[in-house]
Amino acid sequence: MKLPFVFGVHNHQPLGNFDEVVKRLTDESYFPFLKIIERYPHFRFSLHVSGILLKWWEEKYPAIFELLGKLIARQQIEPVAGGFFEPILAVIPREDRKEQILRHKDYLKKQFGVSPVGLWLTERVWEQALVEDLAKLGIKYVVVDDRHFLVSGFEKENLYGYFYTEAEGQRLAVFPIDETLRYAIPFWPVERLGRYLNDVAFRGGRLAIYFDDGEKFGVWPGTKKWVYEEGWLESFLQTITRWQEEGKIEIMTFAEALEKLPANGLAYLPTASYAEMEQWALPAKRILELEELNKRLKPEKTRFAAFIRGGHWRNFFVKYPESNYLHKRMLQVSELSRKNFDPEARVELLSAQCNDAYWHGIFGGLYLPHLRQAVWEKLLAAEAKLRANSKPSFSELDIDYDGATEVCYASSEAVLVFKPSYGGQILEWSSLKSTHNYQNVLTRRFEAYHEAIRHPQECPEEKEEGVSSIHTLTKRPSQEVLNALVYDWYERHSLIEHFFDPNRTLYDFVRCDFGEWGDFANQPFNWHRKGAELIFFRDGGLYPPGSTRRPLLLRKHIKVNQEGLGLEISYELEYRAEETTRCFFGVEFNFYPPLLAKGAGEVSLDGQSIPVSEPQEVFGQELTFLAPFGEKLKLTLPETARFFIFPVKTVSQSEAGFDLTTQGIAVMPFWPIEFRKGEALHKKLTLAIEP
């Protein structure tokens, strides 16, 4: 009896990825894959290409776009739909979800004359609430991991086939991707793969199911040589052809399998994604605990794997406040776009829902500033259109849904958000003219894989036939990477007040270990508004080593002008302790200036260019961030101050290994202060975004 075999490939590149990168991936993976497939017309498969990548191909690589059309026309490829801009469908508003899917379906119909019935779930993030919407949009099936079924209590041997699920009277077929095939293709030799498929058929499997990333065919480490130069793909296709002729297997698309084969039954699945994603979504320390548990269970891991789970995708909003804030701002602009409809703004808003910049794992792009920047640009471009005629206004909103109110200022020129519950800091300062958020900075945090960086000998490479999967590669860090394993004890926003040990140095500041004496940096402030001025105040204190609390009342007045593009900031420091205290007082800013986004520009202090690729200690009054095109950001002081300046660099993991990435530039002007009983000290500075 023939074993039906469905083969699916998913291709996507994130919003904001560099043209040269997408071209290289197309040259090395997507195009050669299709060119070889073209020579084997009996090999028919299902293909999902995100709308972002399809549009790029259409506009910048017509050869692959034409080849794709040819293969679809001769029914060798079944196109599979998704959200056009590759969002996580479960975490965007329902109306946006429908529009994302319809846009992709309509595009495929217009370009290739085919209306897809299958849907690729971005990152295989499943929630049962999706069923009704998908079914009503004409989607007949989705694909998820077999793990989604295993954690529900299904047995592995019963998952070689598809199932139906339902919600609100709507039915949807669900195909469980075989994890073994996902890890085997294209990494195993074809002969070993054949033995596995024979075993599936022998055990009564109704259907062998594979669907996974196209980048495995030429872009993942070692696969270009293995798949193309050493001929794995040719060998696979030749062998598949022979197996079909011998009556061992029958290659078909997912849509054909749905028509020709009966369902295995009914299934209800929990909120889930693939196993690695669920692990990445956990807090870092809990990831290490999960890894320890897996090591302890190693002899019995296969038996108990279904009962061992991490978190789920939405946990990234808890793990990374920057991701949560971006997501909630997206929801805010989405609501605005539905109340005040503008077709161009809608497209930009939907673009900003591209998933990659909202999460982090080996593949997620939260740690890549250019991907966050691309989402912010689209989001702010939509907001600029929707606020084009709005008058400046203040509002109180809990934007990030943490139960604490943010103070928001919005105009047709800018958006400013302050967080009284967290130091009265600036969470967002966005120019709607340049669609740039100057606060797009990521905090340095401990990640579970940092343990493997520090102790690489504890993570030996797993040797196997064929080529190693990306998940089993050993990566060796450089000394520069090891030195950058530094963690912040507060989030990297702006307008952070520090009172610190006068003996600490620039490099103590870089290491975020500068002897903080105050209790202001990340603590709650009270506030009130007086016209265009916000007044934040905290009755806090100083805690020099070996001393009890020394009371200090801090008030910061922030006058918003130039429709949000200018800030006048003044401080009143009322000291109420008996003892004299000598320390440094500094105001920290963390900026993501356009020069980082554009890869060009300079930073000048009092008109003289200064390097910021390495930490700097300088003196001056006016610090300016310049980019070759667009705006400049200027910080001005009434008198000369000492500055600590350094690039905020994170260490993250990726397909290539460990990345050292500049997330922003930390700037702190500071002054020596001598507090005496009953004295009030004052400091001023101004910030401006200028053409």
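Residues are numbered from 1 along each chain as its sequence is written, and side-chain values use heavy atoms, with hydrogens and water left out. Because the model is predicted, local features need pLDDT of at least 70 and side-chain atom pairs count only at pLDDT 80 or more, while totals for chains, interfaces and linings use all residues.

**Exercise 1.** Find how helices H1 and H10 are oriented to each other, and which residues make the contact.

Solution. 
- Step 1. Locate the helices: H1 covers residues 19-38 and H10 covers residues 232-245. Helices (H or I, at least four residues) and strands (E, at least two) are DSSP runs, numbered from the N terminus.
- Step 2. Take the axes, which are lines fitted to C-alpha atoms, for helices over the stretch in contact, with angles from 0 to 180 degrees between N-to-C directions. Those of H1 and H10 come within 10 Å and cross at roughly 30°.
- Step 3. Apply the classes: under 35 degrees is roughly parallel, over 145 roughly antiparallel, 65 to 115 roughly perpendicular, and the rest oblique. H1 and H10 are therefore roughly parallel.
- Step 4. List the contact (heavy atoms within 4.5 Å). Phe33, Ile36 and Ile37 of H1 meet Leu233, Glu234 and Leu237 of H10.
- Step 5. Sort by class: Ala, Val, Leu, Ile, Met, Phe, Trp, Tyr, Cys and Pro count as nonpolar, Asp, Glu, Lys and Arg as charged, and the others, Gly among them, as polar. The contact of H1 with H10 has 5 nonpolar, no polar and 1 charged residues.

**Exercise 2.** Work out how H3 is oriented to H4, and describe the contact.

Solution. 
- Step 1. The axes of H3 and H4 are 10 Å apart, and the packing angle is about 85°.
- Step 2. That makes H3 roughly perpendicular to H4.
- Step 3. On the H3 side are Phe65, Leu68, Gly69 and Ile72; on the H4 side are Tyr107, Gln111 and Phe112.
- Step 4. By class, this contact holds 5 nonpolar, 2 polar and no charged residues.

**Exercise 3.** Describe the largest cavity and name the elements that line it.

Solution. 
- Step 1. On a 1 Å grid over the protein atoms alone, a cavity is a set of points where a 1.4 Å probe fits but cannot get out, and lining residues have an atom within 4 Å of a point. Grid points are joined across faces, edges and corners, and a volume is the space filled by probe spheres set on the points.
- Step 2. The count is 6 cavities of 30 Å³ or more, and the largest cavity holds about 60 Å³.
- Step 3. Strand E2 (45-49), helix H3 (62-73), strand E3 (77-80) and helix H4 (94-112) each supply at least two lining residues. The lining includes Leu47, Leu68, Val80 and His104.
- Step 4. By class, the lining has 10 nonpolar, 2 polar and no charged residues.

Methods. 1 Å grid on protein atoms, 1.4 Å probe; cavity = no way out; pocket = protein on both sides within 12 Å on 5 of 7 lines; lining within 4 Å.
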